[in-house]
Structure formats: structure tokens, C-alpha cells
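Please walk through the fold shown here with the model open beside the text.

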Amino acid sequence: MQGVEARKLFGASEHGSHQHPAPFGSYNKGCLAGGAELPETGPTWQAMRLSRNRNWGYPETISFIRDLSATAAQQPGWKGLYVGDISQPRGGPMLSGHRSHQMGLDIDIWMLPPDRLNLSVAERESLSSISMRRDKGAYVNSSWTHQHHEVLKAAASDSRVARIFVFPGAKVRMCNDEKGDRKWLRKIRPWWGHHYHFHVRMNCPKGASGCRNQDPPPAGDGCKGAEKWVQDILNPPPPDPNAKPPKPRRQLEMADLPGQCIDVLQSQ
């Protein structure tokens with residue numbers, strides 16, 4: 001396995017390993033033992049883009065999706081949730097797309113409110129989510145609703161969740177609209193993209209000694225920081241003439257991942 005791109009090995013796994021469930025490493029450099037598959041369709045959710053085989057996660061992640069989708073289904077106009085990428089069956093780097101989503105603890109949830117939960121396999125490949133952003137993400141557009149606010153609030157209020165990534169304009173809108181308890185806003189973090197979906201990142205589960213959490217968000221509700229993001233979108237600062245060009249990203253090899261990841265791949 002040495003010298004082989006890890007994404008090719010993990011991308012070839014079609015099912016989870018027969019091991020005790022455990023995330024190893026970090027969100028962008030790790031793997032998943034004993035992954036659980038999110039059923040393609042449930043009472044209040046549908047997994048999308050089934051051809052990617054990325055509807056696998058740590059069991060607690062799957063439980064969270066069940067819980068949040070049931071909450072979303074109580075919102076007017078929402079039947080539940082359309083769930084995008086979680087992780088590959090054994091986690092690890094992906095053949096395309098994400099740098100994170102490697103431990104079964106990241107979830108992409110579509111911004112499109114589901115109006116039915118009987119989509120065919122073909123429809124799940126062709127249907128697209130909808131963008132919530134306006135002016136390059138400085139503001140939400142007319143598709144944003146109070147129901148989006150409530151679904152995100154419910155997700156961020158869950159103690160299992162570490163943070164949620166969403167475009168800056170949505171964070172500022174939620175800051176302006178929230179009139180009650182604001183503690184949950186700390187977990188809502190502005191980040192580029194994330195206007196077709198929001199990205200939920202779970203905490204490392206209790207007792208998972210091989211899992212490394214991201215540093216916690218800064219203290220406070222984070223609203224001033226999000227406003228700064230918006231101002232930089234509307235009035236971009238001049239480029240730094242001394243900035244060095246980014247280094248080309250190197251694909252991860254097995255040696256870059258925790259040692260347990262070899263066992264994960266070799267397990268039945």
C-alpha cells in the first residue's frame with residue numbers, strides 16, 4: 001500500500017469494515033472503521049447521488065440525521081431532508097470533491113426543502129439543490145425561509161454537533177433574525193461555497209481516543225466576524241503583493257493517515 005494514493009484504495013471499498021465502529025485521525029486525514037450505511041430512504045429523509053456510495057457514517061452520525069430530519073419534517077413545506085455526501089464506506093480520502101468527510105463525521109444537507117420522499121434512483125442523480133445566496137454570498141436570496149433558520153438552529157443546538165459551515169450571508173441573516181437564545185450561533189461558521197447545502201461537522205464521539213477534534217470555535221456568537229466576511233465580499237481588499245502562490249495540493253498516501261487505516265482497509 002505504500003506509495004499508493006489513499007483515495008484510490010478507499011474509493012474502491014464498496015461496504016463498511018466488519019470492525020467495532022471507530023473514527024481514526026482527523027476530518028481531512030482519517031478513516032472510519034465499522035461504518036454504518038444511511039438507508040437510501042427513511043420516513044423523513046432520502047439519500048442523494050447514490051452512485052457515489054457516500055451515504056456511510058459513524059453510527060452516531062446516522063442517528064443524528066434521523067433525528068434532524070424528523071425535526072425538519074415538522075417545518076411547514078418540508079417533508080424532511082435530502083442528504084448529500086457523508087463518507088465513503090470506510091471513510092478516507094475521496095476520489096473527487098471533499099478534503100474532509102474522511103471519518104464519517106461530516107454531513108452535507110441540501111438546502112432544497114423536500115416536497116416528496118419517493119424520488120427514484122434516476123431522479124436522485126439528476127435533481128439539483130437550489131442556491132440560497134445573492135451577491136456572491138453577501139446576502140441570502142428569496143429562496144431563504146424561516147424554516148431554513150429553524151432547521152439550522154436545531155442542528156447547531158444538538159450537543160453532538162461541533163460546527164456547521166454555511167455561506168457568510170446566511171450566517172449574518174440568522175444573526176439578525178434570532179431574537180431568543182443566541183448560544184447556538186457560535187457553531188454556525190461562515191465558509192466559502194455552502195450555499196446549495198450546509199455542512200454539519202460532528203464532534204468526535206466520547207471514548208474515541210483515535211479521533212482528533214477540530215479546535216472549538218472562538219468564544220461568542222461569531223456575528224461580527226461574519227459581518228466582516230460580508231464586507232470583504234462587497235468591498236474586496238486589495239491583493240497582497242507579497243503573497244506566495246499556493247502550493248499544489250499533494251494527494252494523500254497511506255503513510256499520511258493513522259496506522260489504524262491500514263487495518264480498516266484490510267478488514268473484511
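This is a predicted model: local features need pLDDT of at least 70, side-chain atom pairs count only at pLDDT 80 or more; totals for chains, interfaces and linings use all residues.

Start with helix H2, residues 59-72. At 1.5 Å a residue, its 14 residues should span 20 Å. The C-alpha atoms at its ends are 20 Å apart, so expectation and model agree. Next, look at what H2 hides. Thr-61, Ile-62, Phe-64, Ile-65, Leu-68, Ser-69 and Ala-72 are buried. Around the axis they cover an arc of only 155 degrees, which means that they lie on the same side of H2. The spacing follows a general rule. An α-helix has 3.6 residues a turn, so residues three or four places apart point the same way.

Now move to the core. The largest nonpolar core holds 45 residues. Phe-64, Ile-107, Ile-164, Met-174, Phe-198 and Val-200 have the most contacts inside it. Several elements give two or more residues to this core: strands S5 (45-47), S7 (81-83), S8 (106-110), S11 (161-166) and S13 (197-202), along with helices H2, H4 (146-156) and H5 (168-177). H2 gives the most, with five residues.

Which residues does Phe-64 touch, leaving out those up to four places away in sequence? They are Ile-107, Ala-155, Asp-158, Arg-160, Val-161, Val-200 and Met-202. A second core stands separate. It has twelve residues, including Ala-22, Leu-252, Cys-261 and Leu-265.

Turn to the empty space. Rolling a probe the size of a water molecule over the atoms shows where such space is left. The largest pocket contains about 900 Å³. Its lining has 32 residues. Nearest its centre lie His-98, Trp-191, His-194, His-197 and His-199. At least two lining residues come from each of S8, S11, strand S12 (188-190), S13 and helix H6 (223-234).

How many cavities of 30 Å³ or more does a search of the whole structure find? It finds one. Met-48, Arg-49, Leu-50, Asn-53, Arg-54, Asn-55, Gly-84 and Asp-85 line it.

His-101 has a phi near 60 degrees, a positive value in a residue other than glycine. It sits in the loop between S7 and S8. Is His-101 buried or exposed? Its relative accessible area is 0%, so His-101 is buried.

His-194 also has a positive phi, about 55 degrees, and is not a glycine. This residue lies in the loop between S12 and S13. Its relative accessible area is 15%, under the 20% limit, so His-194 counts as buried. His-194 is also one of the residues nearest the centre of the largest pocket.

Finish in helix H4, where Gln-147 lies. With a relative accessible area of 17%, under 20%, Gln-147 is buried. Setting aside neighbours within four places in sequence, Gln-147 is in contact with Gln-75, Pro-76 and Trp-78.

Note on methods: Residues are numbered from 1 along each chain as its sequence is written. Side-chain values use heavy atoms; hydrogens and water are left out. Helices (H or I, at least four residues) and strands (E, at least two) are DSSP runs, numbered from the N terminus. The expected span of a helix is 1.5 Å times one less than its number of residues. Buried means under 20% relative accessible area, exposed over 50%, partly exposed in between (1.4 Å probe, protein chains only). The arc is that of the directions from the helix axis to the C-beta atoms. A nonpolar core is a set of buried Ala, Val, Leu, Ile, Met, Phe, Trp, Tyr and Cys residues joined through side-chain atoms within 4.5 Å. Contact means heavy atoms within 4.5 Å. On a 1 Å grid over the protein atoms alone, a cavity is a set of points where a 1.4 Å probe fits but cannot get out, and a pocket is an open set with protein on both sides within 12 Å along at least five of seven lines; lining residues have an atom within 4 Å of a point. Grid points are joined across faces, edges and corners, and a volume is the space filled by probe spheres set on the points.
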